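Subject: Handing over a structure

Hello,

I am passing this structure on to you, and below it you will find my notes.

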Amino acid sequence: MEWLNPILQIAIHLILVILGFALGRVRETRHIRSLRQRERQPGPALTNLRRLPDGMRARRTVLCLGSVVIANDYYKAFGASLKHLVGGRLRTLETLLDRGRREAIQRMRHTARAAGAEIVLNVRLETSMVTGREKASGAVEVIAYGTGIITDD
Amino acid sequence: MLMSNLETVPGYRITKHLGLVSGNTIRAKHVGRDIMAGLKNIVGGEIKGYTELLSEARNEAIARMVQAAEKLGANAVVNVRLSTSAVMAAAAELFAYGTAVVVEVEPDAEAASQNPETV
């Protein structure tokens with residue numbers, strides 16, 4: 001029965017890759033659709049400038065924050081580890097970070113809008129690995145923060 | 001407590017600088033969340049448990065920073081910066097720092113809006 005072990009391992013791996021491919025794709029499509037919808041909604045303007053545009057008067061300020069921890073699926077992690085052999089562009093990781101960043105920005109925008117802010121100044125984006133145990137299957141945390149300005153009118 | 005990640009608080013004037021204040025916290029994730037996260041590593045997407053864990057921890061780091069500022073007699077913290085770093089395999093440090101200041105409402109708000117940076 002010893003010879004069955006590697007076959008079983010490969011089979012489990014394959015199942016996880018297929019599962020990751022199918023579910024990961026569904027979840028990604030759903031997430032991107034939700035992002036597009038939220039990005040279209042009206043809300044405060046975002047900028048990484050540090051000063052208010054002329055003609056705006058600040059009444060109150062509030063620190064606005066949005067964060068998300070996002071992970072790659074098994075299929076993409078597997079693909080990325082294969083890509084490591086040849087190097088080059090890791091498109092799957094690009095989309096992952098893009099999704100994380102957009103999500104964090106939308107969450108920040110949501111808190112800013114809830115506070116009644118007209119504009120968010122000095123927006124900063126930061127990314128950090130939060131799980132580093134496994135090679136490619138780690139998760140990244142993205143945070144977005146800025147100073148929301150509530151204007152006079 | 002007013003907070004901003006600009007050098008000033010728009011609409012206010014800084015009357016006194018009280019120096020750097022910071023707050024940190026290190027959080028370990030627990031096993032239950034780890035198992036869920038392991039599952040999420042198969043299907044991908046947001047790991048809600050971690051998002052909550054880290055944002056709770058970040059709020060605590062910010063609260064500690066605010067506490068330090070209050071102790072100095074500040075009513076605002078400017079130039080707030082946040083950082084996250086994984087210090088161990090299963091723990092992350094959340095760190096918040098900024099400059100504690102005393103501010104008062106800008107009497108000439110029109111001038112403030114023209115150039116909040118130099119106030």
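A term to begin with: a residue counts as buried if 20 or more other C-beta atoms lie within 10 Å of its own, as exposed if 12 or fewer do, and as partly exposed in between, with C-beta atoms placed from the backbone. By that count, 35% of the 153 residues in chain A are buried.

Please keep in mind that this is a predicted model, in which local features need pLDDT of at least 70, side-chain atom pairs count only at pLDDT 80 or more, and totals for chains, interfaces and linings use all residues. Residues are numbered from 1 along each chain as its sequence is written, while chains are lettered from A and ligands numbered from 1 in the order in which they are written.

Chain A on its own

Chain A has three helices and four strands; these are DSSP runs numbered from the N terminus, H or I of at least four residues for helices and E of at least two for strands. Their order along the sequence is α-β-β-α-α-β-β. With a radius of gyration of 21 Å, well over the 15 Å that the globule rule gives for 153 residues, chain A is more spread out than a compact globule. (The radius is taken over C-alpha atoms, and the rule is 2.2 Å times the number of residues to the power 0.38.) The C-alpha trace of chain A spans about 75 × 25 × 25 Å along its principal axes.

How do the strands of chain A pair? Pairing requires that DSSP finds at least two bridges between two strands. Strand 1 (residues 45-46) and strand 3 of chain A run parallel over two bridges, and strand 3 and strand 4 of chain A are antiparallel over nine bridges. A:I119 in strand 3 takes part in both pairings: its bridge partners are A:A45 and, in strand 4, A:I149.

Where the chains meet

Two residues are in contact if their C-beta atoms, placed from the backbone, lie within 7 Å. The contact between the chains takes 44 residues from chain A and 35 residues from chain B. On the chain A side, strand 2 gives the most, with nine residues. That side divides into 19 nonpolar, 12 polar and 13 charged residues. Here Ala, Val, Leu, Ile, Met, Phe, Trp, Tyr, Cys and Pro count as nonpolar, Asp, Glu, Lys and Arg as charged, and the others, Gly among them, as polar.

Strand 2 of chain A also pairs with strand 3 (residues 45-46) of chain B, antiparallel over two bridges. In strand 3 of chain B, B:G45 stands opposite A:A71.

The nonpolar cores

A nonpolar core is a set of buried Ala, Val, Leu, Ile, Met, Phe, Trp, Tyr and Cys residues joined through C-beta atoms within 7 Å. The largest has 55 residues, of which A:C64, A:M108, B:M65 and B:V77 touch the most other members. Another core, of six residues, lies apart from it and includes A:Y74 and A:F78. Among the residues that A:M108 touches, not counting those up to four places away in sequence, are A:C64, A:V120 and A:Y145.

One residue in chain B

Is B:A91 buried or partly exposed? B:A91 has 13 C-beta neighbours inside 10 Å, so it counts as partly exposed. B:A91 sits in strand 5 (residues 91-105) of chain B and touches B:I26, B:R27 and B:A28, leaving out residues up to four places away in sequence. Its C-alpha atom is 9.6 Å from that of B:H30, 61 residues apart along the chain.

Enjoy exploring!
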